[in-house]
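Biologist: I would like to learn how to read a structure with two chains, step by step. Could we look at it together?

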Amino acid sequence: MDFALTDDQRELAAAAARLLADRYPVERVAELADSCGTDPGTWPLLRRQGWCDPELGMVEKGLLAQESGYALAATAWWSTVGLAHPVYRAAGRGLPADPLTLAWQDDPAGGGCRAARHGSGWQLTGQRALVTDATTASALVVAADTDDGIALFAVRSPAAGLTIEAQPTLERLRGAARLHLAETPGELLVAPETAGQVLADTRRHAGTLLACEAVGVARRALDMARRHAVDRVQFGRPIGAYQAVAHRLADSYVALELATSLALRACWLDGTADVDATTVEHAHAEAVIASRQAAVQACESALQVTGGLGATWEYPLHWWYRRALWLDSFDTRTRTHLATLADHLLTAPPEPAGQAAG
Amino acid sequence: MRLRDTAEESEFRARLRAWLATHVPRHHGGTAPGDWTKALHAAGYTGLTWPAAYGGRGLPPTYQAIYAEEAALAGAPDHVNVIGLGMVGPTIVSHGTPEQQRRFLEPILSGDFVFCQGFSEPDAGSDLASVRTRAVATDDGWRVTGEKVWSSYAHQADWCLLLARTEPGSTAHAGLTCLLVDMRSPGVQVLPLRQSTGDSDFNQIVLTDVAVPHDCVLGPVGEGWRIAMTTLAHERGTFGITLTARLAVEFDRLLGTVRDLGLADDPAVRADVAELYVQLQGLRWTGQRTMATLARTGRPGPESSILKLHWSVTNQRLAALALRLLGPAAMLHGPDSHAAGHWQHLRLRSRANSIEGGTSEILRGIIAERVLDLPRTR
């Protein structure tokens, strides 16, 4: 048992933090968010620093996700590496160099997307919603129904019959878009026999990285609150010297550390070959539940501690809070994750407590 | 990073598990507490992390964690010399004279010297530095008078690690000294403290002109605060793992209660149980991170400060949930009640969890000042 980062892993995280701090000072984050902007200029830098290397381990990716959340980096890295690359890998394809994303969610109003054979290829028609980083992606992986079940296709962007319509969102740096496809040409990546499993595995992989991102968001919110608690003087003392303030931040720290442990563990299990699938699934659920709670709690405590300042548009904390709320709601609901764990705990025979290998 | 046992750790775990299966006493009241310690020592399970030069096995802290997990799983009794092995022994290794090391360490390992700790006083609880027990210099050493409270195992102890004020008129952290007090000395009186559960796990120690020879001063005179802090730091090392391992056993018992009461399909109960499990898992794996930092750097990392704090919160939450599950039957107590009153007892006992070993308020203050670098809150 050795739950410690290696020196290489520490250096990777430190280098990522330096790059992002340089690229995304807080004024830049606010400016990009304010204008719902994207920042394609960072992409080549990330590639050069190895963020998209195919041999990058899952713990390493988790550390990069943490730093991305801390910096609130306006890049398509998570959509590309978290959501799209696993599908390309499952398909046995090489990884494209440009930003990518995955479109699988239905519009709440209904819709869906179908694929039909057209000559030697396929055409996709319908809609997909809540697609992240859609406007910067050079190709979209789209889940579409075929006569044999769901399959995964690569769609170039731009393409004939493809319209990308931005959906207004609370969180502005990752964005959401609705895709309209009308006989749009698509290339089959994963056939129906395995597409369901590949999609489930991909969502879990991406969700584990989001748990790490949430840890980064929580750490940044706690840092902002801590700095304010030291600088802000009321009644002749820094407010951090009052227990009501200090203890609230100590509780944020507790939640942050618990989430850090569970998120890193979920990464390690996801990236280790001979771990059974249920262990990976449960560790993922635990990490998502704990990290969502830590991010929201840290942001809300920071909003309380930063007082009137934190309630303004100019003070940038709300951009991290918006990301925390996005993380709290994206994809599988917390109650579904809790139900997964309850099924495991109360239906199966109890897991031996204290069993360190589990 | 490797989140499972190595081949050596697996083998150690398997052997320990087999040994515990045949050696854990069936009824805890049945054997003398010292016998369990002696059995552990004979089998080589005391002093796992102590340096080999002092009679230990020189193993990394992960092995102590494995012991904690397996002992909790097997329902092994509390080690009567947990204070000697976990706290006093390592302090003597760091600060004792060679003569003290020869005299005390081997008997601590074998269970021949059971230790208790005399730190807290009626007027020195969270504010430990305000201890008033005074030691007056004599020709042969020191004469100690005062009162200590909340001392576990004092009624069974042979020796006590005592914090006393040796410099008349000194205040706070200065002028304190750590003394090794023979509990059979004239003038030592041990009185049980009765807790709200009705149990007596702790004692009051009254000292009246107790003679302590020079060779029983641990560390330099006047440096007692620093020595006492070393002792408490050892408590933080692996104790979090022990607490979490016991909590995991209580959690499994809770699952049994949920099933027994036919509540396994109740959606609200399922959500509560799953949320509690996430807290338990968070504690368990943060404990493992602490262990890795300890193995790597020799001291627990900042994340270790959350373990005791969050353990108490989670144990209290578990006890409250268990009693709620019982419904009106929760008001019953005694042998005929569900699980022989286990949950009623835990509910009462758990409220002291956020007091003993550092109150939650003190622990949050430590996190705020030492980890978050906030200004002093007092």
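Biologist: Among the contacts in chain A with a separation of 6 or more, what percentage comes from residues 24 or more positions apart?

Modeller: Before the answer, please keep in mind that this is a predicted model, in which local features need pLDDT of at least 70 and side-chain atom pairs count only at pLDDT 80 or more, while totals for chains, interfaces and linings use all residues. Residues are numbered from 1 along each chain as its sequence is written, and chains are lettered from A and ligands numbered from 1 in the order in which they are written. Two residues are in contact if their C-beta atoms, placed from the backbone, lie within 7 Å. In chain A, residues 24 or more positions apart account for 76% of the contacts with a separation of 6 or more, and in chain B the corresponding share is 70%.

Biologist: How many helices and strands does chain A have, and how does its radius of gyration relate to the globule rule?

Modeller: Helices (H or I, at least four residues) and strands (E, at least two) are DSSP runs, numbered from the N terminus. Chain A has eleven helices and nine strands. The radius of gyration is taken over C-alpha atoms, and the globule rule is 2.2 Å times the number of residues to the power 0.38. For the 358 residues of chain A the rule gives 21 Å, and the radius of gyration of chain A is close to that at 21 Å, so chain A is as compact as a globular protein of that length. Its C-alpha atoms fill a box of roughly 80 × 50 × 40 Å along the principal axes.

Biologist: What are the matching values for chain B?

Modeller: Chain B contains ten helices and eight strands. A compact globule of 378 residues would have a radius of gyration near 21 Å, and the 21 Å of chain B agrees with this. Along its principal axes, the C-alpha trace of chain B spans about 70 × 50 × 45 Å.

Biologist: What percentage of the residues in chain A is buried?

Modeller: A residue is buried if 20 or more other C-beta atoms lie within 10 Å of its own, exposed if 12 or fewer, and partly exposed in between, with C-beta atoms placed from the backbone. By this count, 51% of the 358 residues in chain A are buried, and for chain B the figure is 44% of 378 residues.

Biologist: Is S312(B) buried or exposed?

Modeller: S312(B), which sits in helix α8 of chain B, has 24 C-beta neighbours inside 10 Å and therefore counts as buried. Setting aside residues up to four places away in sequence, S312(B) touches N353(B), S354(B) and S360(B). By comparison, G141(B) lies in strand β3 (residues 141-152) of chain B and is partly exposed, with 16 other C-beta atoms within 10 Å.

Biologist: Into which domains is chain A divided?

Modeller: Domain bounds come from an automatic or database domain assignment. For chain A they give domain 1 (7-90), domain 2 (100-190) and domain 3 (196-346). The centres of domain 1 and domain 3 of chain A, taken over C-alpha atoms, are 18 Å apart, and 22 residues of domain 1 of chain A are in contact with 24 residues of domain 3 of chain A. On the domain 1 side of this contact, α4(A) has the largest share, with ten residues.

Biologist: How many residues does each chain give to the contact between chain A and chain B?

Modeller: Chain B gives 48 residues and chain A gives 43 residues. On the side of chain B that touches chain A, α7(B) contributes the most, with 16 residues.

Biologist: At what angle do α7(A) and α7(B) pack?

Modeller: Axes are lines fitted to C-alpha atoms, for helices over the stretch in contact, and angles run from 0 to 180 degrees between N-to-C directions. Angles under 35 degrees count as roughly parallel, over 145 as roughly antiparallel, 65 to 115 as roughly perpendicular and the rest as oblique. Helix α7 (residues 243-270) of chain A and α7(B) pack at an angle of about 80°, with their axes 8 Å apart, and α7(A) and α7(B) are therefore roughly perpendicular to each other. Among the residues that make this contact are L258(A) and R265(A) of α7(A), and W285(B) and R289(B) of α7(B).
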